[in-house]
Amino acid sequence: YLTEYQSLADQGVEQIISIHMTSRGSGAYQAALAAREMIAELIPTLKIEVIDTLNVSMCHGWMVIEAARSTLQGKSFAEIIRQVKSMIPVTRLLQPADTLKYLYMGGRIGRAKHLIGSLLNIKPLIGMEDGVIVALGQARSRSSVYQMMVDRVESTVGYLGKIKIAYVHAAAI
(Lines give C-alpha, C1' and ligand atoms only; values in the text may rest on other atoms or scores of the structure.)
Protein backbone atom coordinates (compact mmCIF):
# COMPACT_ATOMS: atom_id res chain seq x y z
CA TYR A 1 0.00 0.00 0.00
CA LEU A 2 2.85 2.35 0.76
CA THR A 3 4.22 1.89 -2.77
CA GLU A 4 0.80 2.48 -4.33
CA TYR A 5 0.06 5.54 -2.21
CA GLN A 6 3.48 6.94 -3.10
CA SER A 7 2.91 6.23 -6.80
CA LEU A 8 -0.45 8.01 -6.75
CA ALA A 9 1.06 10.99 -4.93
CA ASP A 10 3.85 11.12 -7.55
CA GLN A 11 1.12 11.38 -10.20
CA GLY A 12 -0.34 14.41 -8.47
CA VAL A 13 -3.11 12.73 -6.51
CA GLU A 14 -3.85 14.65 -3.32
CA GLN A 15 -6.67 12.56 -1.85
CA ILE A 16 -7.07 8.78 -1.70
CA ILE A 17 -10.00 6.72 -0.49
CA SER A 18 -8.66 3.23 0.17
CA ILE A 19 -11.56 0.77 0.47
CA HIS A 20 -10.90 -2.68 1.95
CA MET A 21 -12.54 -6.01 2.64
CA THR A 22 -13.38 -6.90 6.22
CA SER A 23 -10.59 -6.36 8.71
CA ARG A 24 -11.85 -9.43 10.55
CA GLY A 25 -10.93 -11.71 7.67
CA SER A 26 -7.87 -10.04 6.20
CA GLY A 27 -4.85 -8.00 7.23
CA ALA A 28 -5.27 -5.64 4.25
CA TYR A 29 -7.07 -2.95 6.24
CA GLN A 30 -4.38 -2.91 8.95
CA ALA A 31 -1.64 -2.83 6.30
CA ALA A 32 -3.34 0.13 4.62
CA LEU A 33 -3.57 1.97 7.95
CA ALA A 34 0.12 1.36 8.60
CA ALA A 35 1.02 2.58 5.10
CA ARG A 36 -1.07 5.73 5.63
CA GLU A 37 0.85 6.47 8.83
CA MET A 38 4.20 5.92 7.12
CA ILE A 39 3.37 8.08 4.11
CA ALA A 40 2.02 10.86 6.35
CA GLU A 41 5.59 11.44 7.52
CA LEU A 42 6.83 11.67 3.92
CA ILE A 43 3.92 13.58 2.36
CA PRO A 44 1.92 15.32 5.10
CA THR A 45 -0.38 17.03 2.57
CA LEU A 46 -1.64 13.72 1.14
CA LYS A 47 -5.09 12.89 2.52
CA ILE A 48 -5.85 9.18 2.81
CA GLU A 49 -9.09 7.74 4.18
CA VAL A 50 -8.87 4.00 4.83
CA ILE A 51 -12.28 2.32 5.02
CA ASP A 52 -13.09 -1.13 6.40
CA THR A 53 -16.22 -2.32 4.55
CA LEU A 54 -16.74 -5.19 7.02
CA ASN A 55 -17.63 -7.21 3.95
CA VAL A 56 -16.23 -9.16 1.01
CA SER A 57 -16.93 -9.99 -2.61
CA MET A 58 -19.43 -7.82 -4.46
CA CYS A 59 -20.60 -6.16 -1.25
CA HIS A 60 -17.13 -4.66 -1.05
CA GLY A 61 -17.19 -4.21 -4.83
CA TRP A 62 -20.43 -2.19 -4.79
CA MET A 63 -18.84 0.29 -2.43
CA VAL A 64 -15.83 0.68 -4.70
CA ILE A 65 -18.04 1.07 -7.79
CA GLU A 66 -20.24 3.69 -6.12
CA ALA A 67 -17.16 5.60 -4.92
CA ALA A 68 -15.77 5.57 -8.48
CA ARG A 69 -19.09 6.78 -9.90
CA SER A 70 -19.24 9.58 -7.37
CA THR A 71 -15.69 10.58 -8.21
CA LEU A 72 -16.57 10.80 -11.90
CA GLN A 73 -19.61 12.91 -10.96
CA GLY A 74 -17.32 15.38 -9.20
CA LYS A 75 -18.45 14.71 -5.64
CA SER A 76 -16.13 15.87 -2.87
CA PHE A 77 -13.75 13.70 -0.90
CA ALA A 78 -15.96 14.04 2.21
CA GLU A 79 -19.17 13.24 0.27
CA ILE A 80 -17.67 10.07 -1.17
CA ILE A 81 -16.43 8.94 2.24
CA ARG A 82 -19.89 9.53 3.73
CA GLN A 83 -21.51 7.66 0.86
CA VAL A 84 -19.28 4.60 1.23
CA LYS A 85 -19.66 4.55 5.01
CA SER A 86 -23.44 4.83 4.68
CA MET A 87 -23.42 1.68 2.53
CA ILE A 88 -21.64 -0.46 5.13
CA PRO A 89 -24.60 -1.12 7.45
CA VAL A 90 -27.07 -1.83 4.62
CA THR A 91 -24.98 -3.99 2.29
CA ARG A 92 -25.57 -7.72 2.76
CA LEU A 93 -23.84 -10.85 1.55
CA LEU A 94 -25.97 -13.95 1.10
CA GLN A 95 -24.10 -16.99 -0.08
CA PRO A 96 -25.32 -20.53 -0.52
CA ALA A 97 -22.76 -23.30 -0.58
CA ASP A 98 -23.15 -26.43 -2.67
CA THR A 99 -20.71 -28.22 -0.41
CA LEU A 100 -19.68 -28.05 3.23
CA LYS A 101 -16.09 -28.86 2.25
CA TYR A 102 -14.76 -25.30 2.38
CA LEU A 103 -16.61 -24.40 5.58
CA TYR A 104 -14.98 -27.46 7.17
CA MET A 105 -11.54 -26.72 5.72
CA GLY A 106 -11.77 -23.13 6.95
CA GLY A 107 -12.67 -24.24 10.45
CA ARG A 108 -16.20 -22.79 10.31
CA ILE A 109 -17.80 -26.19 11.03
CA GLY A 110 -16.55 -29.33 12.73
CA ARG A 111 -15.86 -32.74 11.23
CA ALA A 112 -19.10 -34.31 12.49
CA LYS A 113 -21.27 -31.53 11.07
CA HIS A 114 -19.34 -31.77 7.79
CA LEU A 115 -19.88 -35.53 7.51
CA ILE A 116 -23.55 -35.55 8.52
CA GLY A 117 -24.36 -32.44 6.49
CA SER A 118 -22.68 -33.92 3.43
CA LEU A 119 -24.60 -37.20 3.80
CA LEU A 120 -27.91 -35.31 4.10
CA ASN A 121 -27.01 -32.99 1.20
CA ILE A 122 -27.37 -29.89 3.40
CA LYS A 123 -27.02 -26.56 1.58
CA PRO A 124 -25.98 -23.87 4.06
CA LEU A 125 -26.74 -20.17 3.66
CA ILE A 126 -24.03 -17.91 5.02
CA GLY A 127 -23.55 -14.18 5.24
CA MET A 128 -21.49 -11.47 6.92
CA GLU A 129 -22.35 -9.74 10.17
CA ASP A 130 -19.98 -7.14 11.57
CA GLY A 131 -17.25 -8.41 9.26
CA VAL A 132 -17.50 -12.07 10.25
CA ILE A 133 -18.96 -15.01 8.31
CA VAL A 134 -22.07 -16.34 10.02
CA ALA A 135 -24.53 -19.16 9.36
CA LEU A 136 -27.94 -17.86 8.30
CA GLY A 137 -29.74 -21.13 7.75
CA GLN A 138 -29.71 -24.35 5.80
CA ALA A 139 -31.82 -26.21 3.31
CA ARG A 140 -31.88 -29.63 1.68
CA SER A 141 -31.83 -28.46 -1.94
CA ARG A 142 -30.39 -25.71 -4.07
CA SER A 143 -33.84 -24.35 -4.93
CA SER A 144 -34.77 -24.25 -1.23
CA VAL A 145 -31.64 -22.32 -0.27
CA TYR A 146 -32.31 -19.88 -3.14
CA GLN A 147 -35.85 -19.39 -1.82
CA MET A 148 -34.38 -18.67 1.61
CA MET A 149 -32.28 -15.93 -0.01
CA VAL A 150 -35.33 -14.41 -1.72
CA ASP A 151 -37.29 -14.54 1.55
CA ARG A 152 -34.48 -12.79 3.45
CA VAL A 153 -34.22 -10.03 0.85
CA GLU A 154 -37.98 -9.54 0.79
CA SER A 155 -38.22 -9.41 4.58
CA THR A 156 -35.49 -6.76 4.63
CA VAL A 157 -36.63 -4.45 1.81
CA GLY A 158 -40.25 -5.42 1.28
CA TYR A 159 -41.97 -6.93 -1.72
CA LEU A 160 -41.48 -3.88 -3.96
CA GLY A 161 -38.34 -2.51 -2.32
CA LYS A 162 -35.61 -1.14 -4.57
CA ILE A 163 -32.28 -2.89 -4.27
CA LYS A 164 -29.15 -3.68 -6.24
CA ILE A 165 -28.22 -7.32 -6.50
CA ALA A 166 -25.05 -8.87 -7.83
CA TYR A 167 -24.76 -12.54 -8.65
CA VAL A 168 -21.24 -13.87 -8.31
CA HIS A 169 -20.02 -17.35 -9.20
CA ALA A 170 -16.64 -18.47 -7.93
CA ALA A 171 -16.46 -21.66 -10.04
CA ALA A 172 -15.37 -23.58 -6.94
CA ILE A 173 -15.17 -27.32 -7.39
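Analyst: The discussion below concerns a predicted model and takes the labels in turn.

User: What is the overall make-up of the chain, and how much of it is buried?

Analyst: The chain contains seven helices and five strands. Along the sequence they follow the pattern α-β-α-β-α-α-β-α-α-β-β-α. Of the 173 residues, 33% are buried, a label that requires under 20% relative accessible area.

User: Why is strand 2 described as largely enclosed?

Analyst: Strand 2 covers residues 47–52, and five of its six residues are buried; the strand is therefore largely enclosed by the rest of the structure.

User: How do you know that strand 1 and strand 2 are paired, and in which direction do they run?

Analyst: Pairing requires at least two bridges. Strand 1 (residues 15–20) is joined to strand 2 by six bridges, and the two run parallel. In general, strands of a sheet pair through backbone hydrogen bonds, either parallel or antiparallel.

User: What makes strand 3 and strand 5 edge strands?

Analyst: The sheet concerned is open, has three strands in the order 3-4-5, and shows antiparallel pairing. Strand 3 (94–96) and strand 5 (132–139) each pair on one side only, and they are accordingly the edge strands. From one strand to the next, the twist averages 25°.

User: Why is the aromatic pair called tilted?

Analyst: The structure holds one aromatic pair. The rings of Y1 and Y5 have centres 6.3 Å apart, and the limit for a pair is within 6.5 Å. Their planes lie at 40°; stacked would require under 30 degrees and edge-to-face over 60. The pair of Y1 and Y5 is therefore tilted.

User: Are Y1 and Y5 buried, partly exposed or exposed, and why?

Analyst: The relative accessibility of Y1 is 42%, so Y1 counts as partly exposed. Y5 has 3% relative accessibility and therefore counts as buried, the cut-off being under 20%.

User: Why is L42 called exposed, and where does L42 lie?

Analyst: L42 lies in helix 2 (residues 28–42). Its relative accessibility is 59%, and exposed means over 50%; L42 therefore counts as exposed. L42 and Q6 are 36 residues apart in sequence, with a C-alpha to C-alpha distance of 9.1 Å.

User: What makes V157 partly exposed, and to which surface patch does V157 belong?

Analyst: V157, located in helix 7 (residues 142–157), has a relative accessible area of 34% and is therefore partly exposed. Patch residues must have over 30% relative accessible area, and V157 has 34%. Together with I163, I165 and Y167, V157 forms a nonpolar patch on the surface, with about 430 Å² of accessible area together.

Definitions and conventions. Residues are numbered from 1 along each chain as its sequence is written. This is a predicted model: local features need pLDDT of at least 70, side-chain atom pairs count only at pLDDT 80 or more; totals for chains, interfaces and linings use all residues. Side-chain values use heavy atoms; hydrogens and water are left out. Helices (H or I, at least four residues) and strands (E, at least two) are DSSP runs, numbered from the N terminus. Buried means under 20% relative accessible area, exposed over 50%, partly exposed in between (1.4 Å probe, protein chains only). Axes are lines fitted to C-alpha atoms, for helices over the stretch in contact, and angles run from 0 to 180 degrees between N-to-C directions. Patches are made of residues with over 30% relative accessible area and no salt bridge: like charges are joined within 9 Å, nonpolar side chains (Val, Leu, Ile, Met, Phe, Trp, Tyr) within 5 Å. Accessible areas come from the Shrake-Rupley method with a 1.4 Å probe; for residues, only the protein chains shown count as cover. A salt bridge is a side-chain nitrogen of Lys or Arg within 4 Å of a carboxyl oxygen of Asp or Glu. Rings of Phe, Tyr and Trp (its six-membered ring) pair if their centres lie within 6.5 Å; planes under 30 degrees apart count as stacked, over 60 as edge-to-face and the rest as tilted.
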